[in-house]
Structures are given as structure tokens and as C-alpha cells.
Amino acid sequence: YHHPHYTLPYCIAMPAVITVHDLIHIQRPQRFYYPILSRLLLRSSLKRAARVLVVSRATAADLAQFCRRRPEAADKVRMVPNAIDPFFLRRCAAAPSPRSGESYLLGIFSMSKPHKGLPDLLHAFSEVRARASALGRGELKLVVAGQGAEGARARGLSDQLGLAEHVLWLGRVED
């Protein structure tokens, strides 16, 4: 049985695998009680799961730190990166090619919650853009896509940072 979250249901009568995407509910909780509940659920799931999948080295490191007193749980962890939909591996004949001297950075956001990092990306992009400009590296644009990119708060921050002309807000897009 594979459960794509760290909250493994009880009474699973077969070997189970869980996927831990991140430890955000413990590391950067939105509510004061999230770390308490998340730790309990994660410890229980780690104990009962036959295997634990993580999607990145960062999550593997976070989980290793979380499991430092339980080496038997840490031994169950395997990294399996998120897969890319084959759609994105095909070459599109109609895809526009960047103009000479232009570079693009793409950020995709599934939701606009603070822990997804859109404000962090805007601050980092502002710094990278300034450095690229100082080095004469040409124009750098940020393309922000996904339903999490539809919030007015991030656009306001973009304007405050002087990035309005350098950020393209696509919002939700289809394949």
C-alpha cells in the first residue's frame, strides 16, 4: 500500500510505503499546534511503514535529523525525485525561442501559501537581476505560473522591488 503523505492510516494489513515531501508543518508551521500533531503522526507512520520515500536530498536530510534517535526509521528512507510529466519532455514546434540576450527564470506555484516561497523568489530574483545587470549579462526575466501566482500580494511586492517590468505573471496555465 502506498500513501503519498506522511499520515499513514491505521489498520493497513499489508506492507506500506509513505512519501514525505517536506517537513514544513514542523519547520515553518502556520498554526502553533501543527508541529505537535505532525511529529506524532510522522513518528507513528515512520514506525509502521516498510519504506519511506522522500522527494529531495533536502527532505532526506531533514528526515535524517528528525530520525536521529531512531536509526531503524532512518534506514527505511529512500530518495525518489518527483517525476516529470512526459508532456514537458516533448519538443513543441510552436514554442517561442528566447530572443538573443534574454534569459528567463520560471517559478511554478501550486498555491499562494507563504511557505511556498514566492516572496523569497522575488527577493532572490531582484538580487540576481541586479548582479546580472552589473556584469552586463543582458536582460533577465522571471516568469511566474500556477494558481498560486494569482495573488495580488506577490504582485505588490514585485512592484515594491521595482520588478514590475521584469516579471511576467501567467497565473494558472493548461498543458
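View 1. T19 stands opposite L53, a residue of strand 3, in a predicted model where local features need pLDDT of at least 70, side-chain atom pairs count only at pLDDT 80 or more, and totals for chains, interfaces and linings use all residues. Residues are numbered from 1 along each chain as its sequence is written, and side-chain values use heavy atoms, with hydrogens and water left out. Strand 2 and strand 3 are paired in the parallel sense over four bridges, where two strands count as a pair if DSSP finds at least two bridges between them. The numbering of these elements runs from the N terminus and follows DSSP runs, with helices being H or I of at least four residues and strands being E of at least two.

View 2. The strands follow the order 1-2-3-4, and their pairing is parallel. Strand 1 (2–3) and strand 4 (77–79) are the edge strands, and each has a single partner strand, so one side of each is left without a neighbour in the sheet. Helix 3 packs on the sheet and touches strand 2, strand 3 and strand 4, while its direction makes about 135° with that of strand 3; here a contact means heavy atoms within 4.5 Å, and the angle, on a scale from 0 to 180 degrees, is taken between N-to-C directions of axes fitted to C-alpha atoms, for helices over the stretch in contact.

**View 3. Helix 2 and its buried residues.** Helix 2 has 15 residues (34–48), which at 1.5 Å a residue should span 21 Å, and its end C-alpha atoms are 21 Å apart, which agrees; the expected span is 1.5 Å times one less than the number of residues. Its buried residues are P35, S38, L42, S44, S45 and L46, where buried means under 20% relative accessible area, exposed over 50%, and partly exposed in between (1.4 Å probe, protein chains only). These buried residues pack against strand 2 (17–20), helix 1 (24–27), strand 3 (51–54), helix 3 (57–66) and helix 4 (71–74).

**View 4. The largest nonpolar core.** A nonpolar core is a set of buried Ala, Val, Leu, Ile, Met, Phe, Trp, Tyr and Cys residues joined through side-chain atoms within 4.5 Å. The largest one has 17 residues, of which I18, V20, L42, L46, V52, L63 and F66 touch the most other members. Strand 2, helix 2, strand 3 and helix 3 are the elements that give two or more residues to this core. Leaving aside residues up to four places away in sequence, I18 touches H2, H3, H5, Y6, L8, S45, L46, A49, R51, V52 and L53. Another core lies apart from the largest one and has 13 residues, among them L118, A149, L157 and V167.

**View 5. Strand 7 beside strand 6.** Strand 6 (residues 139–145) and strand 7 run parallel and are joined by four bridges, and the bridge partner of L142 in strand 7 is V167. Strand 7 (residues 167–171) has a covered face, made up of V167, W169 and G171, and an uncovered one with L168 and L170. In a regular strand the side chains alternate between the two faces of the sheet.

**View 6. F32 in a loop.** F32 is found in the loop between helix 1 and helix 2, and F32 counts as exposed because its relative accessible area is 73%. Although F32 and K116 are 84 residues apart in sequence, their C-alpha atoms are 18 Å apart in space.
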